[in-house]
Amino acid sequence: MASSIVEIPQEVLETFAKSDHYHSSFLVRPDEGLEHALENNVANGLPDISVSASLGKFLKLTALAIGAKRVLEVGTLGGYSTIWMGQALPEDGELIALEISEANAKVARENLDRAGIRNARVVVGDAKETLASLPTVEQFDLVFIDADKENYPTYLLEAKRLVRKHGIIIVDNFVQRGRVADESFSRPPTDRPFEYPTDTTVEGVRTVLRILKEDKELEATTMAVADMKGYDGFLYAIKL
């Protein structure tokens, strides 16, 4: 493992963004509901940390590819990624979205309604407690985790419990500008929410990696992503 990782120059980050915008101009169709969600998030003071359009499209394609009927999202914010996945579900499908903030949940519900997503339910509360309360009688086909990185190990294990055999678990922000792999990286947590990478956010991902190394019931890989959001990536796991 590399001892240190250099900071990516700004011009390289701009190249990532330009390339992402170019491809998305062909592959991501205009969508009033999604565009309104981003605008409404800004209008309500939500941080600009929703997934990129290209990752949102990937989530939708994944749900379509496996014929998902039940989806679980951990960390909803304003519902942008929720809309993407909700678009892939059949009329009798169900999407349960977990959000710790009542204010964010209110915005998410507004956005989902505007986008015509009727089969999504936003549940407010501590995700650790909500996940623990969910039964395994009706398992999920897809779980998307994009929340506080420090609790990723707990979220992963709960997702494993709740997802069906051959179901998919996707965990966002798994590379964090390469700092997860940087053993020399040191940055104490700040009092600013959603800020990463820090010592605790990279350790959350590293703990998940250690869990997966020994877990025989999950097969997984990390997919690095360079897009309009910069350099990051996600975990893609399948329950065997």
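1. In this predicted model, Asp172 stands opposite Phe234 in strand E7.

2. E6 and E7 form a hairpin, with two residues lying between them.

3. These strands belong to an open sheet of seven strands with mixed pairing, whose order is E3-E2-E1-E4-E5-E7-E6. Strand E3 (120-124) and E6 stand at the edges; each has a single partner strand, so one side of each is left without a neighbour in the sheet. From one strand to the next, the twist averages 15°.

4. As a general point, strands of a sheet pair through backbone hydrogen bonds, in either a parallel or an antiparallel manner.

5. Turning to the helices, two packed helices are described by the angle between their axes and the distance between the axes. Helix H7 (residues 152-162) and helix H8 (residues 199-214) have axes that come within 8 Å and cross at roughly 40°. H7 and H8 are therefore oblique to each other. On the H7 side, the contact is made by Tyr152, Pro153, Leu156 and Leu157, while H8 contributes Gly204, Val205, Thr207, Val208, Ile211 and Leu212. The residues of this contact comprise eight nonpolar, two polar and no charged.

6. Helix H2 (residues 32-43) and helix H5 (residues 102-114) pack at an angle of about 160°, and their axes are 9 Å apart. Because angles over 145 degrees count as roughly antiparallel, H2 and H5 are therefore described as roughly antiparallel to each other. The crossing of H2 past H5 is right-handed.

7. In the contact of H2 with H5, Glu32, His36, Ala37, Asn40 and Asn41 of H2 meet Val107, Glu110, Asn111 and Arg114 of H5. The residues of this contact divide into two nonpolar, four polar and three charged.

Conventions: Residues are numbered from 1 along each chain as its sequence is written. This is a predicted model: local features need pLDDT of at least 70, side-chain atom pairs count only at pLDDT 80 or more; totals for chains, interfaces and linings use all residues. Side-chain values use heavy atoms; hydrogens and water are left out. Axes are lines fitted to C-alpha atoms, for helices over the stretch in contact, and angles run from 0 to 180 degrees between N-to-C directions. Helices (H or I, at least four residues) and strands (E, at least two) are DSSP runs, numbered from the N terminus. Angles under 35 degrees count as roughly parallel, over 145 as roughly antiparallel, 65 to 115 as roughly perpendicular and the rest as oblique. Contact means heavy atoms within 4.5 Å. Ala, Val, Leu, Ile, Met, Phe, Trp, Tyr, Cys and Pro count as nonpolar, Asp, Glu, Lys and Arg as charged, and the others, Gly among them, as polar. Two strands pair if DSSP finds at least two bridges between them. A crossing is left-handed if the near helix is turned anticlockwise from the far one by less than a right angle, and right-handed if clockwise.
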